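Have the viewer open as you read.

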Amino acid sequence: MRVSPRKVIAALVAAIALPLAFTTPVQAGGVDDAFAKILVKQVKGSNVQKHLNALQAIANANGGTRAAGTPGYNASRDYVAGKLRQAGYKVTLQPTDFVEGWVENSAPVLNLTAPGAKTYVPNDDFFTFQPSPAGDVTAQVQGVDLTLPPTPTPTSTSGCEDADWAGFVPGRIALVQRGTCAFAAKVRNAGNAGAAGLIIFNEGQPGRTDAFPLDIGEWRAGIPMVFADFAVGNELASTPGATVRLKVDSTLTLGKSDNVIAESRFGNPRNVVMAGAHLDSVTAGPGINDNGSGTAAILETALQMKLFPVRNKVRFAFWASEEIGLLGSEQYVDSLSQAEQDKIKVYLNFDMVGSPNFAYKLYDGDDSDNAGSPAGPPGSAEIEKQLERFYDGRSLGHVGTDFDGRSDYGPFIAVGIPSGGIFTGAEGIKTPEEAALFGGTAGVAYDVCYHQACDTTANINATALDVNSDAIADSMARFAFNLSAIPPRS
Ligand SMILES: [Zn+2]
């Protein structure tokens, strides 16, 4: 990429203004404002579109997909990493695991061995959770915050909260009740608590009593795990000192897929401003809106920011394996020490920013949309407000979108990192109110090609892509120079 002398001069002029700006609190019209205006001009929709064309060409050359673990993903990784290296970023490839294959070699075993003896019936009383690692363990069972008898409607939070595990004795087999949080979250918590095996049983209300086979996409506790019916769980819970043999006979094969992490050479490393987009597609298609759009927009923002004398460290992440369970972003956040997590002051997520029947949806940092999930961590409301100001400044509408855990911000908000971002909609249906606000067609999905082979470069609204790329540029530039709106974390 060539950089015009005019841009270099503009960056240098602004850099000279920096010491002055730092002597007083940075106000609107300060250095952050100046750089935001420069960057918004530099980030052009036509250049973002060029990255999409490159990703489409990669998919075309690799069987129509860029899914994790495929050559199309690796070519996407090399494209993004190459551009960022050329621009002078410090680029790291972080290998992350995903499940490449899983087979169960023989039926699982769950036997009460003391007091007394009882054999539970595999694939009836209980099923192996796919993709459980293999294991054969005999140990005492310990119930984890069980609600017995069950309440008339589901309320169990068994194994969801850290406090549930406070008295757990490592080496025992955890007995956990279904409810509230995802099975995968209970599995991870059991692993962190040192459980040697895991039995999750159905919660016990009508319709929630039987066991059934289930792929929960989680294996990282490294222990054998089964899903039992309510009767099994209830019986074990009411048997003092129950000891069981739990055996899973499976072959789990893990593949590797790389996150691409790029960091600015400039900026205070104690204050990191981060933007992320998942780089993988589903296997069914090339994933140009989902999520070539977010990828291309943050890539072009990074390339155009390369000469900025940023005050805070700027980090761009291109996540692996989002489509198979946020695996890239989760393993990234897990790999950070508490101190490294604390340095990340802002995380911005961009997953689908060019939907053909778009709405400008901003992650609801202040919970003003009153949807299912609570507000984001402190600071998220301020991130949402800053993005709102961009759309307001162009007299464009915007709506809130719930932090429902469906993209890579999930692991960040789970550890309290202020987060936000833009989303133009997936398989959901556009409302008449949104059609009035944004144009397009009410009663039709925001993206009719969501997770399909037709998610190609033809599946992009060029206006939405251009506007949102500018919004990303504006936001990243402002936070790169000024974090005063974000409250410090304790
Ligand atoms: Zn996505």
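Domain bounds here come from an automatic or database domain assignment. The model is a predicted one, in which local features need pLDDT of at least 70 and side-chain atom pairs count only at pLDDT 80 or more, while totals for chains, interfaces and linings use all residues. Residues are numbered from 1 along each chain as its sequence is written.

The assignment gives the chain domain 1 (5-89 + 264-481) and domain 2 (102-253). Taken over C-alpha atoms, the centres of domain 1 and domain 2 are 39 Å apart. Along the principal axes, the C-alpha atoms of the chain fill a box of roughly 85 × 50 × 45 Å.

The chain holds 13 helices and 15 strands (DSSP runs numbered from the N terminus: H or I of at least four residues for helices, E of at least two for strands).

| Helix | Residues |
|---|---|
| α3 | residues 45-61 |
| α7 | residues 288-304 |

These two helices pack at an angle of about 130°, with their axes 9 Å apart. Axes are lines fitted to C-alpha atoms, for helices over the stretch in contact, and angles run from 0 to 180 degrees between N-to-C directions. α3 and α7 are therefore oblique to each other (under 35 degrees is roughly parallel, over 145 roughly antiparallel, 65 to 115 roughly perpendicular, and the rest oblique).

In the contact (C-beta atoms, placed from the backbone, within 7 Å), α3 contributes residues including His-51 and Leu-55, and α7 residues including Gly-292 and Glu-300.

Terms used. Contact = placed C-beta atoms within 7 Å.
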